[in-house]
Amino acid sequence: MDLGNFASLSHSFPTLFLAFSVVAVFLLDLVIEKKEWLGDIALLVVAIAILGVVRLLSSETGALFHRSVVLDEFGLYFQLLVLLSAFATIWMSLGSREIRRLNQGEYWAILLASTLGMAFMATSNNLLMGYLSLEFVSLTSYVLAGYSLHNRRATEASLKYLIYGGVASGAMIYGMSWIYGLAGSLEFHAIQQALLTNGEAALPLYVALVLTLAGLGFKISAFPFHMWAPDVYQGAPIPVAAFLAVGSKTAAFALMIRFFFTAMAAPAGGGAYEMVGGVDWRTLLLVVSALTMTYGNLAALNQTGSVKRLLAYSGIAHAGYALMGFVVLTDDGLRAMIFYLTVYYLMNIGAFLVVMMVANSTGREDLASFRGLAWRGGAVPAVAMAIFLFSLTGLPPFAGFIGKFYLFAAVVKQELYLLALIGVANSVVSLFYYARIVRVMFLDQPEGGEGVVEVDWHNGVLLGLLTIGTVVLGIFWGPLFDFADRSTRLFIG
Amino acid sequence: MLTWMIFTPLIGAALILLLPKKAEAAIKWVALAATVPPLIMAFQLYGSFDRTTAEMQLVQRVPWIPSFNIEYYVGIDGISITMVLLTALLSTICIVASWNIDKAVKAYFPLFLLLDTAMMGVFCSLDFFLFFVFWEVMLLPMYFLIGIWGGPRREYAAIKFFLYTMVGSVLMLVAMLALYFYNDPHTFDLVELARRAPTYSANFQRFAWIALFIGFAIKIPAFPFHTWLPDAHVEAPTAISVILAGVLLKMGTYGILRINYAILPLGTLEFAYYFLVVLGVINIIYGALCAMAQTDYKKLIAYSSISHMGYVMFGMATFTQQGLDGAVLQMFNHGTVTAMLFLLVGVIYDRAHHREINGFGGLASIMPFYTGWTALAFFAAMGLPGLSAFISEVLVLLGGWQHYPALTVVAAAAVVLTAGYMLWTMQRIYLGEPNEKYLDLPDINMREVGMLVPLAIIVIILGVYPKPVLSLIDVSLTHLNDVVLSAGQGPVASASDVLSVR
């Protein structure tokens, strides 16, 4: 299936609907007085978009809009993930005191716009579309990160994000221009074909890939492009930090996978891929993966202040884990990655949600505000947080273990034992700082003055769902695994 | 039936969560009620167990994640049944021993029952993945049980225990995956993996063996991975110390027998000779010497555990019927004896609120019954003839003599060290002038006696007549021994030469 502009419209309901809604919410902002209603509308919009994506799942795969966007299981799966992140973020924002104090008018529209960009990142099929959607996400994220206008940290975060992001995307588009020069096309599949037939141009291609990787690595917060993450997470409102940590990262992974697997590699049979163009980017990414997780975990060890900052470093480490699934260049690896990112969504949003609940009650988000949480009325969030954190560590019977298990399985299957050992060593390191939060919550007694943490039903519902998801997927994950398995199919051509 | 044994405690834990926080007595009774059925089933199991076969019994298998060939697969043989019996017994006793817990009762007992489920699960699993899940699940309740209800340095001890074990288990994870992918069709089935053992290359066996061994050695704990144990023991509440020493340490040696021995026999032959046996002897001597230097009663018992686990390793590495029988019997005996010791330490700690060995004196005249029980436990730990540990230690040494006469002499000499620190402790705490501070300490009460009686009966019976346990384990161990030794006839000459020359 290869459709032109008009014929494609009927296959793009979710994105169209989102685009329309962004405008609608902006306009409604002018007439509606109670701004929370806009949040409810945004929530509804995302829910409808999710249904739209689900409906598309059964449709034929193919290319849309003159091959600039694809419709395939892989893209739809990531669109689902992105939309679910948006859903959780909006839900969290509605229950956040921090957001309630802000001037919310445009917040919801920008959030939806960002979601739209991410949905396109998941399905872009050429460099231009990829760049545009990524940049669209970046621009909206800069605004969201700095949304707490009167918070100096937020302003700093936003500015830092903007400057790093500007440099990274500049490097990326420069790299893309080299690729265009080498392959004569912007479209992923055409690039692959050109590289296959034109023979090798290793050095320029290598330079181009490293530059492109700067932009993508920035989005997934891979070492050495991670520097923005801790500051931005710390400064941004908590729901936004969660959105950046999960939604934006997931979308960037989708774009990265599609670019590398359909433009820079070709299927080699037996569920494996081989690189084209004579550049060994796999080794490069392998090193990036090992460095990212090691750096993220070691840096997180020192974080005894802000929990958000700690989660930022842990997010860097998790990008490194997920990259392990990337570098094996097999369907097993892809499937493991998809599975992992899904699980990561549950547990990471969950962790941010608990941080938000504590912040709602105490107005603080440092580690000390968690002291004795289990013993001062917050037993439910404390237990949930412990589950999320142990799941992030990768301990059974939680979903994070299964995610890591598949990643390690894919790595061991390709006999990359060294990478597997680095990965498991990192899991041990991560236990230390995750357990520190658990220790503070359970093993320390409250000293008084931390305030009582209350669970309201609004946040409680989301917390319950995420917790149940994390536990159930740790015990019975077969259906999700099969779904992830189906979704490794990339539309090529 | 095994499934019921594994999950009854978990059901109890769920019930407790439904009870109101204030109903502390009800919570304790529910917890007890949840550990009694596995104990009754354990008795039944003991009666119905077929002692003439090395096959797995009471097998139950249900596909769990078919796409990855992961199964819920449980069953027991002669090696695991002893551990299952021990777990069932100690769990019930430890619930009784936890009766005086008064801090966050509603959290303590569910965690304890979760731990119970995980322990049972480890010993019954025949699917490597399932085994691993239970193995890891054990860590979480243990972390909280030490960390919340422990002594003054509990946080440090809890995280140290957690990190050490985690290091071991991630190595195990990699080895597990390597085994899975090495076989075609891929499988986690431990029985099947063992059956295919002859097809594994020597190098693969070596690496997998080391990775798995480190994982298990941390749990035993074998020197030099033992440093978590004294901390964890000293800080843990009494019941948890009992579980830790009585059951958790056995998982290390159990894992080595079940996985390293059965699945990687070549690796076992190579490393056992150089490595395992030496580590065993180091454990024996080093543990005893450390125990001698302790002034904390509980730490002393902790180091004595290290020493006694050395006999298990030593016996395993002999590859003789006596040695292996002795090793598994020692696992069981150490479980009962050390449980008594920790319970007895708990008794005195509850009364005096300290464990300084030199801070007591003359307790024999203040608490005569208590002293009598302690004397029995001490004599058992020393390996006095007529008590259970004597039999297992003698078997181990008999087995050892056939291959390693020099080391056997050293290990046997360590018995003197054990007697030394035990008797010296006896003298410092129980004999001599009574300490005036403690003249009015009440003697041991009925609940405490109730915990000790079953253990004492087992210790005495097995000391006179060890057949009830030996008959359970004998056939399985003979089979295991044959598997390992016959692997030595294969292509790797060095290991088989080493043993045949002897």
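## Overall build of chain B

Helices are DSSP runs of H or I with at least four residues, and strands are runs of E with at least two; both are numbered from the N terminus. The model is predicted. By this assignment, chain B has 21 helices and 2 strands. Its radius of gyration is 22 Å, close to the 23 Å given by the globule rule for 502 residues, so chain B is as compact as a globular protein of that length.

Along the principal axes, the C-alpha atoms of chain B fill a box of roughly 70 × 55 × 40 Å. Of the 502 residues in chain B, 61% count as buried. Among contacts in chain B with a separation of 6 or more, 80% are between residues 24 or more positions apart.

## A helix pair in chain A

Two packed helices are described by the angle and the distance between their axes. In chain A, helix H17 (residues 399–413) and helix H18 (residues 417–443) have axes that come within 8 Å and cross at roughly 155°. Angles over 145 degrees count as roughly antiparallel, and H17(A) and H18(A) are therefore roughly antiparallel to each other. Their crossing is left-handed.

## Residues at the crossing

H17(A) contributes Lys404(A), Phe408(A), Val411(A) and Val412(A) to the contact. From H18(A) come Tyr417(A), Leu419(A), Ala420(A), Gly423(A), Val424(A) and Ser427(A). By class, the contact of H17(A) with H18(A) has 7 nonpolar, 2 polar and 1 charged residues.

Note on methods
Residues are numbered from 1 along each chain as its sequence is written. Chains are lettered from A and ligands numbered from 1 in the order in which they are written. This is a predicted model: local features need pLDDT of at least 70, side-chain atom pairs count only at pLDDT 80 or more; totals for chains, interfaces and linings use all residues. The radius of gyration is taken over C-alpha atoms; the globule rule is 2.2 Å times the number of residues to the power 0.38. A residue is buried if 20 or more other C-beta atoms lie within 10 Å of its own, exposed if 12 or fewer, and partly exposed in between; C-beta atoms are placed from the backbone. Two residues are in contact if their C-beta atoms, placed from the backbone, lie within 7 Å. Axes are lines fitted to C-alpha atoms, for helices over the stretch in contact, and angles run from 0 to 180 degrees between N-to-C directions. Angles under 35 degrees count as roughly parallel, over 145 as roughly antiparallel, 65 to 115 as roughly perpendicular and the rest as oblique. A crossing is left-handed if the near helix is turned anticlockwise from the far one by less than a right angle, and right-handed if clockwise. Ala, Val, Leu, Ile, Met, Phe, Trp, Tyr, Cys and Pro count as nonpolar, Asp, Glu, Lys and Arg as charged, and the others, Gly among them, as polar.
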